[in-house]
Amino acid sequence: MAGIVFDDVTKRYPDGTQAVSGLDLEVADGELLILVGPSGCGKSTALRMVAGLEEVSDGALRIDGRVVNDLAPKDRDVAMVFQNYALYPQMTVRQNMGFALKLAKVSKAEVDAKVREAAEVLDLTEHLDRRPGALSGGQRQRVAMGRAIVRAPKAFLMDEPLSNLDAKLRVQMRASIAHLQDRLGSTMLYVTHDQVEAMTLGDRVAVMRGGVLQQVGPPKVLYQRPANVFVAGFIGSPPMNFLPGELADDGLATPLGFTPLPDDLRQAVAASTLAGRAVVAGIRPEHLTRQRPDTALPALRFAATVDLAEELGAEVLAHFSAPPAPADLPDRALVARLTGATGELARGTRLDLWLDPHGLELFDPETGYSLRTAAPA
Amino acid sequence: MRLTRNEVAMNYAVLGFFALLTIFPLIGLVSSALGDPSSSTPQFGFGDGIHLSNFSDAWKEGHFSTYLVSSVIVSTSATVLCCFVSILSGYAFATMEFRGRTVLFALLVMGIVVPSEAVVVPQYFELRDLGLTDTYLSLILPQTAGILAFGTFWMRNFFRSVPRALVDAAAVDGANSWQTLWRVLMPIGKPALLTMATLAFMWTWNEFLLALVMITKESVRTAPLGLSFFRGAHLTEYSLLSAAALIVAAPVVALYFFFQRHFIAGMLSGALKE
């Protein structure tokens with residue numbers, strides 16, 4: 001097992017498009033790091049560079065401390081699980097799983113033992129002599145995993161391995177991948193576009209957009225302290241609400257009304273150049289509540305008319321529009337995640353909601369960076 | 001896509017018509033081959049009995065045992081050689097990045113549209129300079145080269161139809177290009193390869209002009225060339241001629257029937273997106 005380090009890595013295609021720009025990222029030994037982002041953000045390209053399937057244009061890529069930029073895939077000792085599994089259709093499950101070992105000239109008995117062991121872990125023993133075509137999607141996915149496991153590689157690379165499965169199976173496999181990674185203690189770089197998968201699976205999550213790394217951190221940090229508007233909007237479902245705001249008198253004027261700012265935000269504002277100016281305010285749906293938030297500050301209370309109520313059982317997502325209060329701002333769709341006695345909500349219901357000032361995030365409207373985290377140079 | 005009953009009827013009518021057009025002369029050939037050898041006109045029907053002796057007579061008099069052996073040697077060698085080289089070149093054009101790939105491929109594919117008749121004379125002089133006329137090689141080499149354009153095009157299309165991830169998976173599993181080709185891709189490519197081999201065998205088997213130009217010795221004469229000499233010697237013996245024609249055509253027909261299922265699968269592979 002070994003760590004993976006991207007040192008200012010750039011991928012440029014011959015036509016000039018830059019898929020990955022100056023990526024600095026470290027996957028620690030034994031860590032499960034998730035690369036997440038919308039399609040075309042460069043996450044798969046980054047993964048394929050580690051595998052050696054794409055050349056590194058600039059910078060250094062290290063596996064286990066060794067620069068691998070010019071190493072062929074076979075000399076990197078990494079295993080990869082592909083989105084569509086890429087199983088060899090003419091080979092049985094046993095042959096698929098043993099192929100890499102066979103190429104590495106491992107003795108037949110040893111290959112057999114390792115394949116058997118992996119098949120047991122993945123519950124594939126009874127399917128060993130079947131071909132991929134005769135297997136279900138979930139079984140194929142497990143064979144793809146097995147093909148990676150038998151090699152006991154330095155690192156596992158997963159390219160959206162669950163995106164072809166149905167929702168229920170995906171949740172199951174997610175759990176078993178996390179369990180497996182934990183059990184093997186292996187380094188794993190996992191690419192997905194699904195932020196729920198990213199949040200539930202990873203030790204740390206790296207968010208990418210347009211080839212540029214936006215933020216790396218534990219899922220909770222990304223959720224609670226997003227570095228910029230993009231991360232704030234990408235992580236979390238439903239996403240964070242955004243409102244235009246004006247900083248004034250230790251507080252913030254929003255279309256919903258005036259809200260005080262907690263101490264840490266006030267300090268962040270004071271340290272920035274934005275005091276007295278316009279900002280983008282972000283608030284998570286769960287910080288719009290029906291009960292008065294537990295704070296000494298004079299929290300903002302406002303009236304909202306429900307446009308749509310999504311009943312999820314334990315909670316209700318109430319969609320409403322911000323009143324276009326200051327001047328000519330367009331209506332903005334907002335969502336509140338309401339818990340407790342909410343059974344009577346329907347379209348047109350009028351609600352009194354509180355805005356928890358401790359849930360506020362402020363972003364520079366020009367750069368998009370959070371005022372809490374100083375913008376990286 | 002669903003067809004209306006009228007469309008289905010129309011399809012059958014058109015296909016049936018062309019099938020008849022194709023089969024009709026063949027029936028005439030078979031009936032002549034089995035007809036009375038003393039008759040001096042081609043026959044249609046089996047009125048005067050079945051004379052299987054025509055085949056043995058043609059076989060003996062025409063020396064077809066020698067000619068068929070020559071044809072098998074030439075066609076098999078050209079087919080094997082052409083398949084092997086086409087696999088390699090198609091694989092390179094489909095999966096490898098190299099300078100001038102597009103231009104080279106365009107040049108190569110132009111070979112498909114150059115008729116072999118156009119180059120047979122310079123080929124003759126070239127092979128004569130090399131001292132290869134009147135040998136099997138004088139037939140094998142030009143025909144291999146002639147089919148290579150199509151073969152490369154065909155195999156490249158197959159390799160391009162294979163999901164890229166399969167090649168990537170093999171690379172990560174530690175396979176080099178050679179292992180990826182033979183152990184991962186070619187086992188999937190059997191239908192494509194068999195289709196190409198069948199076509200190549202058929203074309204080389206039926207080749208006449210090249211054999212006529214290159215070969216003068218009887219011992220290396222191919223079957224179609226032999227048939228032409230046989231015709232010269234038995235101009236009006238239609239039963240014997242028909243029997244000889246069937247003898248020469250038989251191997252290719254047999255081959256086609258044998259590989260028919262793969263052949264259709266190969267023709268269709270890659271035609272539909274999964």
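Biologist: In chain A, what makes H2(A) roughly parallel to H4(A)?

Modeller: In this predicted model, H2(A) and helix H4 (residues 137-149) of chain A pack at an angle of about 30°, and their axes are 7 Å apart. Angles under 35 degrees count as roughly parallel, so H2(A) is put down as roughly parallel to H4(A).

Biologist: Which residues of H2(A) and H4(A) meet there?

Modeller: From H2(A) you have A:Val93, A:Asn96, A:Met97 and A:Ala100, and facing them in H4(A) are A:Val143, A:Gly146 and A:Arg147. By class, that contact divides into four nonpolar, two polar and one charged. As for handedness, the crossing of H2(A) and H4(A) is right-handed.

Biologist: What residues make up the contact of H2(A) with H3(A)?

Modeller: On the H2(A) side, A:Arg94, A:Met97, A:Gly98, A:Leu101 and A:Lys102; on the H3(A) side, A:Val111, A:Lys114, A:Val115 and A:Ala118. Sorted by class, you get five nonpolar, one polar and three charged residues. Notice A:Met97, which meets residues of H3(A) and also residues of H4(A).

Biologist: Where do chains A and B come in? How many residues does each give to the contact?

Modeller: Chain A gives 17 residues and chain B gives 14 residues. On the chain A side, the elements that give two or more residues are strand S6 (78-81) and, once again, H2. By class, that side has 14 nonpolar, two polar and one charged residues.

Biologist: How is chain A divided into domains?

Modeller: Domain 1 covers 4-230 and domain 2 covers 239-363. Their centres, taken over C-alpha atoms, are separated by 39 Å.

Biologist: What kind of peptide bond joins A:Ser237 and A:Pro238?

Modeller: A cis one, with omega about -5°. A:Pro238 sits in the loop between helix H8 (229-234) and strand S11 (241-248) of chain A. It's worth a look, because most peptide bonds are trans.

Biologist: What makes the phi of A:Asp8 stand out?

Modeller: Its phi is near 55°, a positive value in a residue other than glycine. Most residues other than glycine have a negative phi. A:Asp8 is found in strand S1 of chain A.

Biologist: And is A:Asp8 buried or exposed?

Modeller: Exposed. A:Asp8 has 11 other C-beta atoms within 10 Å, and the exposed class takes 12 or fewer.

Biologist: Where is A:Thr17, and why is A:Thr17 assigned to its class?

Modeller: A:Thr17 lies in the loop between strand S1 (4-12) and strand S2 (18-27) of chain A. With 10 other C-beta atoms within 10 Å, A:Thr17 is exposed, because 12 or fewer is the cut-off.

Biologist: Over to chain B. What elements does chain B have?

Modeller: 12 helices and zero strands. The C-alpha trace of chain B spans about 70 × 65 × 30 Å along its principal axes. Of its 274 residues, 34% count as buried. Among contacts in chain B between residues at least 6 apart in sequence, 78% join residues at least 24 apart.

Biologist: Which pair of residues could I look at for that kind of separation, and what separates B:Thr41 from B:Thr236?

Modeller: B:Thr41 and B:Thr236 are 195 residues apart in sequence, but 7.6 Å apart in space, C-alpha to C-alpha. B:Thr41 is in the loop between helix H1 (5-33) and helix H2 (53-61) of chain B. With 9 C-beta neighbours inside 10 Å, B:Thr41 counts as exposed.

Biologist: How do you know which class B:His63 belongs to?

Modeller: Count its C-beta neighbours inside 10 Å: B:His63 has 15. Buried needs 20 or more and exposed needs 12 or fewer, so B:His63 counts as partly exposed. B:His63 is in the loop between H2 and helix H3 (64-95) of chain B, and it has a positive phi of about 55° although it is not a glycine.

Definitions and conventions. Residues numbered from 1 in each chain as written. Chains lettered and ligands numbered in written order. Predicted model: local features only at pLDDT ≥ 70, side-chain atom pairs only at ≥ 80, totals over all residues. Contact = placed C-beta atoms within 7 Å. Helix = DSSP H or I, 4+ residues; strand = E, 2+ residues; numbered from the N terminus. Nonpolar A, V, L, I, M, F, W, Y, C, P; charged D, E, K, R; others polar. Domains from an automatic or database assignment. Axes fitted to C-alpha atoms, helices over the stretch in contact; angles between N-to-C directions. Parallel < 35°, antiparallel > 145°, perpendicular 65-115°, else oblique. Left-handed = near helix turned anticlockwise from the far one by under 90°.
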